[in-house]
Amino acid sequence: MNELDDSHNRYALSDPIKLLQPSLLLIEDDPQMGGILMELLEDDYRAHWVTTGKAAIHEFGMNPYDAVIVDRRLPDMDGLDFVRSARREGITVPMLMLTALSSTEEIVSGLDAGANDYLSKPFRFEELNARIRSLLRGYQAQQQSHAIGDWTFKEHRGLIESPSGINIQLSPAEASLLKALCINPDRVFTRKELLMAAFSRDAGEGTIDTYVSYIRQKTVKGLIMTVRGKGYCLGNPMESDPI
């Protein structure tokens, strides 16, 4: 497997099950190590693999990721330089560094550069996966509030806050639908994708239209945008929009 093989590296985002899995960027130049890791990660993550720091920087500009695994020694840059650059750009996603350099000084250098964790080679995949889960838990806890224009969706409380500071309680179904849309705020989701992500498989696609209407009635119409012939995406409602 290599990074050009999209059939293995880039999951079709129309897969409703994959939509709910964390997105993971693997930066590893060793073809054998990268291939093995991709095979192991693909069951639990939407994983994409690149082999250079330059390709990783391009990926950050094109796609959102929930976590990054970065090798210390890349062909075009030191993994530390990649992490430092990402942090300077304001990228806050958790980053785990893989390296054969396991001295205390090297570990301290990696953490000081902005990496959230450091794992020395060789390692067991079970440990790597446990560390990824731990990083994601911490990051997701910080990300439980989503800005939608001037509105704030407080996912952990099932509330949406208006620009004037009024908290509006959402039903569990309304909150699930909004959470699904927040997975990728720039993406247009079909009704089927939203149905699979937020409701029972037995529900009809008209359920989505019903709950979109409920959310709009509680907030503003522009909170969720209709894309004719395709589905729905998050809007960008401003404070000046009428409630």
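Which residue in β4 is the bridge partner of Val68? In β4, Met95 takes that place.

## Basis of the model

This is a predicted model, in which local features need pLDDT of at least 70, side-chain atom pairs count only at pLDDT 80 or more, and totals for chains, interfaces and linings use all residues. Residues are numbered from 1 along each chain as its sequence is written, and side-chain values use heavy atoms, with hydrogens and water left out.

The protein chain holds 10 helices and 11 strands. Both are DSSP runs numbered from the N terminus: helices are H or I with at least four residues, strands are E with at least two. Of the 243 residues of the protein chain, 43% count as buried. Buried means under 20% relative accessible area, exposed means over 50%, and partly exposed lies in between (1.4 Å probe, protein chains only). Contact means heavy atoms within 4.5 Å. Among contacts in the protein chain with a separation of 6 or more, 53% come from residues 24 or more positions apart.

## The parallel sheet

Five strands form an open sheet in the order β2-β1-β3-β4-β5, with parallel pairing. Two strands pair if DSSP finds at least two bridges between them. β2 (46-50) and β5 are the edge strands, and each pairs on one side only. Neighbouring strands are turned by 20 degrees against each other on average, direction ignored. Axes are lines fitted to C-alpha atoms, for helices over the stretch in contact, and angles run from 0 to 180 degrees between N-to-C directions.

Strand β3 (residues 67-71) runs parallel to β4, and four bridges join them. Val70 has Met97 as its bridge partner in β4. From β3 the chain crosses through helix α5 (residues 79-88) to β4, and this β-α-β crossover is right-handed. Right-handed means that, with the strands pointing away from the viewer, the path from the first strand over the helix to the second runs clockwise. On the other pairing, four bridges join β4 to strand β5 (residues 117-120), again in parallel. Here Leu96 stands opposite Asp117 in β5.

## Strand β4

Five of the five residues of strand β4 (residues 95-99) are buried, so the strand is largely enclosed by the rest of the structure. Met95, Met97 and Thr99 point one way from β4. Leu96 and Leu98 point the other way.

Thr99 lies in β4. Thr99 is buried, with a relative accessible area of 2%. Leaving aside neighbours within four places in sequence, Thr99 is in contact with Asp71, Arg72, Tyr118, Leu119, Ser120 and Lys121.

## Asp71

Where does UniProt place the feature "modified residue: 4-aspartylphosphate"? The record, an unreviewed entry, puts the feature at Asp71. UniProt positions are given in the numbering used here, feature names are shortened, and annotations may be inferred rather than shown by experiment.

Asp71 sits in strand β3. Asp71 is buried, with a relative accessible area of 5%. Leaving aside neighbours within four places in sequence, Asp71 is in contact with Ile27, Glu28, Asp29, Gly79, Leu98, Thr99 and Lys121.

## Helix α5

α5 lies across β1, β3 and β4, and runs at about 170 degrees to β4. Gly79, Leu80, Phe82, Val83 and Ala86 are buried in α5. Seen down the axis of α5, these buried residues fall within an arc of 160 degrees, so they line one face of the helix. The arc is that of the directions from the helix axis to the C-beta atoms. An α-helix has 3.6 residues a turn, so residues three or four places apart point the same way.

The buried residues of α5 pack against β1 (23-27), α4 (53-62), β3, β4 and α6 (104-113).

## The antiparallel sheet

A four-stranded open sheet has the order β6-β7-β8-β9, with antiparallel pairing. Its edge strands are β6 (145-148) and β9 (167-169), and each pairs on one side only. From one strand to the next, the twist averages 25 degrees.

β6 and strand β7 (residues 151-154) pair in the antiparallel sense over four bridges. Ala147 has Thr152 as its bridge partner in β7. Helix α8 (residues 172-182) packs on the sheet and touches β6, β7 and β8 (159-161). The direction of α8 makes about 110 degrees with that of β7.
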